[in-house]
Amino acid sequence: MIKEKILVIGASGQIGVELTLALRKIYGNANVVASDLREQNPLLEGTGPYVSLDVMNKEMLHVQVIRQNITQIYLLAAILSATGEKNPNLAWHLNMQGLLNVLDIAREEKLNKVYWPSSIAVFGPTSPKQNCPQQTIIEPITVYGISKYAGEFWCNYYNQRYGVDVRSLRYPGLISYKSAPGGGTTDYAIEIFHEAIENKKYECFLQEDTYLPMMYMPDAIKATIELMEAPAKNISIRTSYNISAMSFSPKEIAASIKKHIPEFSIHYKPDYRQKIANSWPQSIDDSVAANDWNWKSGYDLDKMVKDMLDNIKK
Ligand code: NAD
Ligand code: AKB
């Protein structure tokens with residue numbers, strides 16, 4: 001077995017913390033180097049190496065890759081949809097240049113594998129709303145979606161032209177309790193739990209009937225690791241795979257929370273994020289991922305809601 005040494009960039013974020021901890025369980029604490037712009041993360045402290053690093057500084061990144069004998073990079077640093085609309089130039093710059101820096105270094109240092117997530121945000125108002133297919137009309141309206149779609153084609157290009165084994169998933173909105181979300185349109189589905197437990201009420205920034213594809217973090221971590229461990233010959237998509245778990249509206253998640261907290265109430269005050277949510281599909285067809293590497297989700301809405309409430313209360 002090849003001895004892998006993994007660098008996670010953006011390790012202090014919503015996905016980064018949980019993915020780093022999961023990778024450390026598989027590959028050993030010392031073999032997974034966490035890195036982020038942030039100096040440290042209390043949830044990662046004492047669990048393995050952590051370096052402060054800016055993905056935009058290509059030379060420093062390159063030095064770290066050589067010095068630490070890195071064989072795989074997981075690139076999670078990005079600006080998400082809602083924050084991106086507030087600063088489109090910064091979002092484009094970080095999301096694109098960060099990826100190009102990593103792909104270039106992967107090519108030069110002949111890294112074994114690279115992971116980079118895309119998003120359902122690649123889809124736009126002209127994409128099918130229900131069971132949105134792997135290949136379809138893709139006309140994103142956010143800078144985040146544009147950067148993800150361009151990024152998907154850079155991944156494909158580096159794979160086809162230079163043989164870089166880069167793999168990617170189009171995550172739906174991710175729901176988790178360990179680390180706070182980083183500025184997305186789907187963040188309401190996390191805030192709602194904290195408000196339900198602390199204040200028994202929530203003001204939602206999306207309309208009650210806004211259906212979006214969502215996934216619980218354990219499924220997202222499982223999908224990421226299964227994709228990265230699949231034999232290269234099974235990977236037919238080198239842009240990014242559709243994956244899916246559940247779809248619900250604010251009204252439906254509120255009803256599921258009410259089964260556990262009967263006094264919980266929700267009201268709706270849509271803001272600029274409504275337009276972003278309206279542009280995305282309501283459900284995703286992930287049959288290509290299921291065929292290629294046996295993807296199957298494990299959590300539906302009620303199972304996720306119970307687990308979230310139990311863990312946040314703890
Ligand atoms: P996040 O905002 O929670 O975390 C990103 C991390 O990157 C932060 O800790 C931040 O400090 C770090 N970072 C920012 N700029 C950096 C830089 N220049 N150098 C190094 N680190 C830097 O984001 P997340 O939710 O964990 O998302 C991770 C990836 O997954 C992103 O590419 C995102 O687009 C994608 N994704 C996330 C979701 C979701 O619902 N969370 C859904 C679809 C796709
Ligand atoms: C966001 O809302 O921006 C993210 C995503 C779906 O990419 N959660």
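Let's start with strand 8, residues 169-171, which runs parallel to strand 12 and is joined to strand 12 by two bridges. Strands here are DSSP E runs of at least two residues, helices are H or I runs of at least four, and both are numbered from the N terminus. Two strands pair if DSSP finds at least two bridges between them.

A word on the model: it is predicted, local features need pLDDT of at least 70, side-chain atom pairs count only at pLDDT 80 or more, and totals for chains, interfaces and linings use all residues. Residues are numbered from 1 along each chain as written, chains are lettered from A and ligands numbered from 1 in written order, and side-chain values use heavy atoms, without hydrogens or water.

Back to the sheet: it is open, with three strands in the order 6-8-12 and parallel pairing. Strand 6 (118-119) and strand 12 (241-242) are at the edges with a single partner strand each, so one side of each has no neighbour in the sheet.

Which helix gives the largest share of the lining of the largest cavity? That is helix 4, residues 88-108, with four residues. Thanks, everyone!
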